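Welcome! Here is a short tour for anyone meeting this protein chain for the first time. Take a moment to look it over before reading on.

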Amino acid sequence: FKMTVMREERPVLFQHSVQMVLVALFLGVRTGVDTRSRVSLAAAALLHDTGSLHMDPAWLDPQVKITGTERKHLVAHPVTAMLMVRDAKVYSRSVELAVLEHHERMDGTGYPRALSGTEISPLGRILLLAEVVSAFYAKFAEHPARQLSLMLRLNHHKFPADLVAHVLALLQSAQAGDANPAVLSSDA
């Protein structure tokens, strides 16, 4: 139901969630996540921003500067989403955790709990990187791969190195133009 509301009322957010599933599953397959856990990963990626449905849609506008109370709502949206997932009583604890952790960072600078390193669940680590990848492709119309590659290399301490390696390899192949398009398409 929440995803239907998202698709109808906030199609950009819905598209972001679908992109999150694709990026997260790419990373899950590349890192050998088992089939059952990939199902949980896909569910977490799809549902990660359902808490945003309870926020003013103005926060989606890049021209709007979020301050004060709005910032608190933004920081709370992973908690709201996790509680919604928990209330559904159909998803595993790993889905709940991954949803909660999708804005954490490996160096402890993320939110809502400022976790670091191995304190972040394996699926949460995948989601936090998938969130960044998806956001860059939405934000930068020109050369998103270059922008993303640069940001990941400059902020290597914030993201899981093993996962970043898979993203960078794919981005470098795409930028170099030396990859077989069929292979690149299947990876994407």
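## Salt bridges at a glance

A salt bridge is counted when a side-chain nitrogen of Lys or Arg lies within 4 Å of a carboxyl oxygen of Asp or Glu. Side chains of opposite charge can pair when their charged atoms come close. With that in hand, a search of the whole structure turns up 5 salt bridges. Please keep in mind that this is a predicted model.

Let's begin with E96, which pairs with R86 in a salt bridge whose closest N and O atoms are 3.0 Å apart. E96 belongs to helix α5 (residues 93-100) and R86 to helix α4 (residues 68-88), so this pair ties together parts that are 10 residues apart in sequence. How accessible are the two partners? E96 counts as buried because its relative accessibility is 8%, while R86, at 36%, counts as partly exposed.

E96 has another salt bridge, this time with R93, at 3.3 Å from N to O. R93 and E96 are 3 residues apart in helix α5, so about one helical turn separates them. R93 has a relative accessibility of 48% and therefore counts as partly exposed. Put together, R86, R93 and E96 are linked in a network of salt bridges.

## The loop between α5 and α6

Now follow the chain to the loop between α5 and α6. Here R113 forms a salt bridge with E101, and their closest N and O atoms are 3.2 Å apart. Both residues lie in the loop between α5 and α6, so the pair ties together parts that are 12 residues apart in sequence.

Leaving aside residues up to four places away in sequence, S121 touches L97, A98 and E101.

## How α5 meets α6

Two packed helices are described by the angle between their axes and the distance between the axes. For α5 and α6, the axes come within 8 Å and cross at roughly 35°. The crossing of α5 past α6 is right-handed. On the α5 side, the contact is made by S94, A98 and V99, and on the α6 side by L123, G124 and L127. Sorted by class, this contact has 4 nonpolar and 2 polar residues, with no charged ones.

## How α3 meets α6

Helix α6 (residues 122-139) also packs with helix α3 (residues 35-47): their axes come within 10 Å and cross at roughly 45°. α3 passes α6 in a right-handed crossing.

Which residues of α3 and α6 meet? From α3 come S37, S40, L41, A44 and A45, and from α6 come L123, I126 and L127. The residues of this contact divide into 6 nonpolar and 2 polar, with no charged ones. L123 and L127 take part in the contact of α6 with α3 and also in the contact of α6 with α5.

How values were computed. Residues are numbered from 1 along each chain as its sequence is written. This is a predicted model: local features need pLDDT of at least 70, side-chain atom pairs count only at pLDDT 80 or more; totals for chains, interfaces and linings use all residues. Side-chain values use heavy atoms; hydrogens and water are left out. Axes are lines fitted to C-alpha atoms, for helices over the stretch in contact, and angles run from 0 to 180 degrees between N-to-C directions. Helices (H or I, at least four residues) and strands (E, at least two) are DSSP runs, numbered from the N terminus. A crossing is left-handed if the near helix is turned anticlockwise from the far one by less than a right angle, and right-handed if clockwise. Contact means heavy atoms within 4.5 Å. Ala, Val, Leu, Ile, Met, Phe, Trp, Tyr, Cys and Pro count as nonpolar, Asp, Glu, Lys and Arg as charged, and the others, Gly among them, as polar. Buried means under 20% relative accessible area, exposed over 50%, partly exposed in between (1.4 Å probe, protein chains only).
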